[in-house]
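Please examine the sequence and the three-dimensional structure shown here. The paragraphs that follow consider helices, surface, charged pairs and sheets in turn.

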Amino acid sequence: MLNLVDGCLSPSKRWTIGLAPNPCLENDGNWNLAYPYLSVPAAKQGPESEPVSKFPRVKTWFREKAKSTKSFPLSVFFIVGNEFCERFSYYGMKAVLILFLTSQLKFSADNSTAIYHTFVMFCYFLPLVGAIIADSCLGKYGTILSLSIIYSVGNVIMAVSAITFGNGDAAPNIALAAIGLIVIAFGTGGIKPCVASFGGDQFKEDQVGMLQYFFSIFYFSINAGSTISTLVTPVLRNDVKCFGNDQCFPLAFGVPAILMIVSVIIFVVGTRFYIVKKPNKESALLFYHFVASIVVATYHRIKRGKDATCTFFLQHAKPNYEDSFLRDVKMVLRVLVMFLPLPIFWALFDQQGSRWTLQAVKMNGRLGSITITPDQMQALNPILILAFIPIFQFVVYPLFNKCHLLRRPLQRMVVGMGIAGLAFVVAGFVELKIEADADLLNTGQSKVVLTNTIENPITVISSDFNGTLDRLATYSFQPKQLVQYQFDFKLEGTEPRSCFFDLQSQNITEIVVTNASGLIECGSVTHVQDSKTSELSAIVRVFNVINNNSDIALMVVDSKNVSENLRFLDASDVFTVATGRTLPYSIIVNHNGSLIYNNGYLDEFGENGVYSLVIKNSSIVVAPVDKPNSVSLFLQVPMYIIITVAEVMFSINGLEFAYSQAPASMKAICQAAWLWTVAFGNLVVVIIAESKLFESQAIEFFFLCCCNWFCDRDFCCDDILL
């Protein structure tokens with residue numbers, strides 16, 4: 001992602017460690033970390049330089065570093081600490097957001113995706129507002145402090161929204177979550193254009209040599225915060241139980257909230273050390289004049305007609321605006337036209353935190369003794385970014401340069417967009433694999449699971465299945481029609497029993513046949529198949545057929561004899577068993593205080609599987625109802641590798657292109673437009689998710705890939721670029 005920094009776009013989030021072309025400098029061939037204020041060419045070796053050693057660059061680096069750190073401004077360490085905590089807060093909250101929406105607030109996958117991307121969209125629309133506030137009235141310091149406090153309040157609201165209230169009504173939680181997300185978007189978007197540039201303000205003109213080290217530390221703190229939080233908050237969510245839930249979203253949101261509060265405290269403590277510059281009100285008016293000049297030119301063109309003295313359309317705005325300003329606006333408009341295809345890249349890229357995470361929920365994250373949670377997979381991106389940037393900078397691009405390929409930023413951007421489409425091809429095939437292995441029901445299809453808990457075989461007669469169901473056996477099939485379904489069950493020596501059930505589309509109806517009272521009885525429970533959760537657990541439906549009027553105690557323990565669930569059941573109950581561990585389980589049943597069953601060890605509960613557990617006088621029946629996750633989560637690794645390669649080629653070079661094409665007076669406009677391509681990309685995802693165009697997620701992935709390649713083709717074919 002990117003940070004808005006005064007008149008220069010500074011690389012942000014993860015991919016900025018290392019050397020990159022400075023877009024704020026003229027194209028003089030010098031490569032430095034971007035700094036928005038000063039343009040200092042690389043020092044040239046004089047005639048009286050030291051003798052050349054075998055490792056001149058290494059020695060020079062250590063010598064310069066030793067000199068630069070002697071008088072390093074103390075204030076920047078507070079800014080770096082503030083940024084680390086803020087990035088931890090943002091990415092930690094964002095990592096678990098999609099699973100919070102689906103599993104806690106019970107939104108559908110499509111609605112959760114729309115909410116998630118609406119939040120990200122506003123995070124990238126609002127930096128312009130923060131920049132205007134900073135330049136017009138509060139200044140960078142005041143903007144960072146005030147919006148960080150608001151940001152902290154938003155995080156606290158999110159943590160509270162995850163607490164289950166007394167009556168279990170989700171409406172208060174949904175309202176609080178909506179408020180929290182809006183406040184966080186305003187806070188993180190507002191401070192985005194200020195923090196890095198405020199850090200740059202701390203250096204004097206004779207301290208230019210220290211700037212590259214500051215930005216290296218600054219962007220390392222961004223990477224460290226995002227990577228650590230993306231690994232830690234999913235663990236807090238999944239491994240801790242709180243407020244009666246098997247997942248602890250209050251803690252997963254609470255820790256980022258605490259880090260954001262710490263961020264504010266660190267920033268305030270450093271106040272006495274800061275160099276605070278006055279607001280630049282002219283910059284705040286730049287966006288207004290940019291839009292106004294276009295409006296005025298359009299108005300004059302309509303009112304006065306075509307003017308032969310105007311060589312281009314915007315000159316109709318004269319005499320309200322000078323010709324030099326209008327020419328700069330014209331150049332920016334050309335860049336903005338070039339930006340039109342770019343949002344589709346971000347529409348694909350930002351789905352790592354939504355669609356890809358929801359796909360991971362349906363996969364098996366076990367790897368030997370390790371279990372990876374669905375939301376932890378997102379950490380692959382920042383980790384790979386740190387590895388790929390130096391590889392591309394010092395290996396890949398030099399090799400292509402020797403072959404006279406990919407020498408211009410736009411050429412690399414075109415290739416990056418194309419590679420992003422490949423990631424979604426892989427995602428589509430992974431989704432097809434998941435759908436095939438899960439035996440998913442389509443619209444109009446249903447599944448029936450028959451479980452015989454009787455010690456003797458029974459005869460089953462129905463329109464789709466006729467035969468014998470052995471003792472303590474299970475049989476499943478798909479009925480041909482969704483109607484009120486009739487089963488006739490017959491046990492030798494007894495009268496047949498007719499049972500009727502209403503079958504529903506894409507639901508699994510589990511029918512349990514018992515004879516606890518001496519006569520055949522049948523009961524049913526319906527399971528919605530498309531209800532995979534973010535919990536590493538299995539759903540177990542327990543049926544007590546000993547005596548419906550007596551209580552039993554059921555305990556599921558692992559081999560260390562640690563209780564996993566202890567429930568007092570009447571006739572039946574539903575509970576979950578954690579499957580994110582490799583230890584087998586034992587099921588112990590007590591009836592009226594007496595042990596009636598201890599089956600030894602059982603390892604049949606798979607991640608997100610659904611099972612029925614029928615408790616009888618001296619035995620239990622464990623029957624699978626819906627298959628557990630079977631496709632390995634690590635099939636997503638190629639997706640993350642491909643999308644990260646695309647990000648390295650697209651984002652960094654897009655930054656360079658935006659500033660090489662924009663006039664010096666309009667760089668702020670271009671940086672805002674670049675951020676808005678991210679926002680509009682997320683808007684594309686919102687529209688697709690809410691329109692519900694595709695029944696299959698795989699088809700949606702393939703559709704987005706085709707859209708990406710179509711936009712990439714138009715981008716590639718423009719002769720201005722290549």
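Helices (DSSP runs of H or I, at least four residues) and strands (DSSP runs of E, at least two residues) are numbered from the N terminus. The model is a predicted one, in which local features need pLDDT of at least 70 and side-chain atom pairs count only at pLDDT 80 or more, whereas totals for chains, interfaces and linings use all residues. Residues are numbered from 1 along each chain as its sequence is written, and side-chain values use heavy atoms, with hydrogens and water left out.

Consider the surface. Val156, Val160, Phe165, Ile261, Ile265 and Val269 make a nonpolar patch of about 450 Å². Patches consist of residues with over 30% relative accessible area and no salt bridge; like charges are joined within 9 Å, and nonpolar side chains (Val, Leu, Ile, Met, Phe, Trp, Tyr) within 5 Å. The accessible areas come from the Shrake-Rupley method with a 1.4 Å probe, and for residues only the protein chains shown count as cover. At least two residues of the patch are supplied by each of helix 4 (127-161) and helix 8 (249-269). Helix 8 gives the most, with 3 residues, and valine 269 has its place in this helix.

Two packed helices are described by the angle between their axes and the distance between the axes. Here axes are lines fitted to C-alpha atoms, for helices over the stretch in contact, and angles run from 0 to 180 degrees between N-to-C directions. Helix 8 packs with helix 2 (residues 75-104) at an angle of about 160°, and their axes are 8 Å apart. Helix 2 and helix 8 are therefore roughly antiparallel. Angles over 145 degrees count as roughly antiparallel, under 35 as roughly parallel, 65 to 115 as roughly perpendicular and the rest as oblique. The crossing of helix 2 and helix 8 is left-handed, a term used if the near helix is turned anticlockwise from the far one by less than a right angle, with right-handed used if clockwise. In a second pair, the axes of helix 10 (residues 323-339) and helix 16 (residues 667-691) come within 11 Å and cross at roughly 15°. These two helices are therefore roughly parallel, and their crossing is right-handed.

Side chains of opposite charge can pair when their charged atoms come close. The whole structure contains 9 salt bridges, each a side-chain nitrogen of Lys or Arg within 4 Å of a carboxyl oxygen of Asp or Glu. In one of them, aspartate 201 meets lysine 140 at 3.4 Å, N to O. Aspartate 201 belongs to helix 6 (residues 195-201) and lysine 140 to helix 4, so the pair ties together parts that are 61 residues apart in sequence.

Turn next to the sheets, in which two strands pair if DSSP finds at least two bridges between them. Strand 5 (residues 447-452) and strand 11 (residues 507-514) run parallel, joined by 6 bridges; lysine 447 has isoleucine 508 as its bridge partner in strand 11.

Another open sheet of 4 strands has the order 7-6-9-10 and antiparallel pairing. Its edge strands are strand 7 (466-469) and strand 10 (497-502). Strand 6 and strand 7 form a hairpin with 4 residues between them.
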